[in-house]
Amino acid sequence: MGLLRMLRIYFLQQWFNLSDPGAEEALYESVSMCRFVGIDLGREPVPDETTILKFRHLLEKHHLGKKLFREVHRHLESQGVKVTQGTIVDATIINAPSSTKNKAGKRDPDMHQTKKGNQWYFGMKAHIGVDSKTKVIHAVVATAANVHDATILPDLLHGGETRVWGDSAYQGQTDVLRQHAPKARDLTNRRYRYKGVVNEVERARNRIKSQIRSRVEHVFGVIKGIFHFTKVRYRGLEKNAYRLFVTCALANLYLVRRRLLRPTRA
């Protein structure tokens, strides 16, 4: 089984949230998946789950997740999809099993709990920097869920921004912006409610900012709603971070698919 076909199987796992045995089973059941991979079931069998697992471990061993993410960016730039001067920063929680009913008898030590509103969550957090115009993800960081969004802000900026949007979790980071994106205007949302009193002016400003900031939700909609990356699949932060980089790379291709598939003019 060639490298290209194994890589296509791996991509199918990310797109359809398939485990290693699930990918093997899906290939036997789906004609379209077999056609995409290039397998003719009348002539050859599907790679078994052990082969699929070994290939995934090989990719993880050589840290190819970040390399793939960067390579997709280079491809997009070659197609005219470039990162502009506006960045939207945000984070979302990826849930992990909180039960101790497992072989180790304890929860994953790399995952932590955090409170959002009145609800407690356990897992990891995916932090992303998104281009405000194209919605392309240009920065990715994976942490435990208890890491505050604002502490990761410097890692989500490319430095050439003139505008940065974010929710109220990023307010008060003007000095950080000046250091890492000197020309950037701070357009993060501000808290408009204090001791039960609503500042209607600030609330209206937030509403205007959110017209741009909300574009990051479209990106999370692809990652979590279409690719179903809502729960960690592996134990440990490193393996799940690797999966996050690959998922973001594939999400970028999905987000600009119409532009990439547009016929070129002669």
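Modeller: A salt bridge here is a side-chain nitrogen of Lys or Arg within 4 Å of a carboxyl oxygen of Asp or Glu, and the structure holds ten of them. Keep in mind that this is a predicted model, where local features need pLDDT of at least 70, side-chain atom pairs count only at pLDDT 80 or more, and totals for chains, interfaces and linings use all residues. Residues are numbered from 1 along each chain as its sequence is written, and side-chain values use heavy atoms, with hydrogens and water left out.

Let's begin with R74 and E71, whose side chains meet with N and O 2.7 Å apart. They sit three residues apart in helix α5 (residues 64–78), so about one helical turn separates them. (Helices are DSSP runs of H or I with at least four residues, strands are runs of E with at least two, and both are numbered from the N terminus.) R74 is partly exposed at 48% relative accessible area, and E71 is partly exposed too, at 41%. For those words, buried means under 20%, exposed over 50% and partly exposed in between, using a 1.4 Å probe and protein chains only.

D40 and R43 make another pair, with their closest N and O atoms 3.7 Å apart. D40 is partly exposed at 38%, while R43 counts as exposed at 76%.

Then there's R190 with D186, bridged at 3.2 Å from N to O. R190 is partly exposed at 23%, whereas D186 is buried at 17%. Elsewhere, salt bridges with shared partners link D20, R56 and E60 into one network.

Now for the helix, α7. Its 14 residues (200–213) should span 20 Å at 1.5 Å a residue, and since its end C-alpha atoms are 19 Å apart, the two agree; the expected span is 1.5 Å times one less than the number of residues. The buried residues in α7 are E202, N206, K209, S210 and R213. They cover an arc of only 110° around the axis, so they lie on the same side of α7; that arc is taken from the directions from the helix axis to the C-beta atoms. What covers them includes β1 (86–95), β5 (163–166), β6 (185–188) and α8 (215–226), contact meaning heavy atoms within 4.5 Å. On the face turned away from that buried side, you'll find exposed V201, R207, I208 and Q211.
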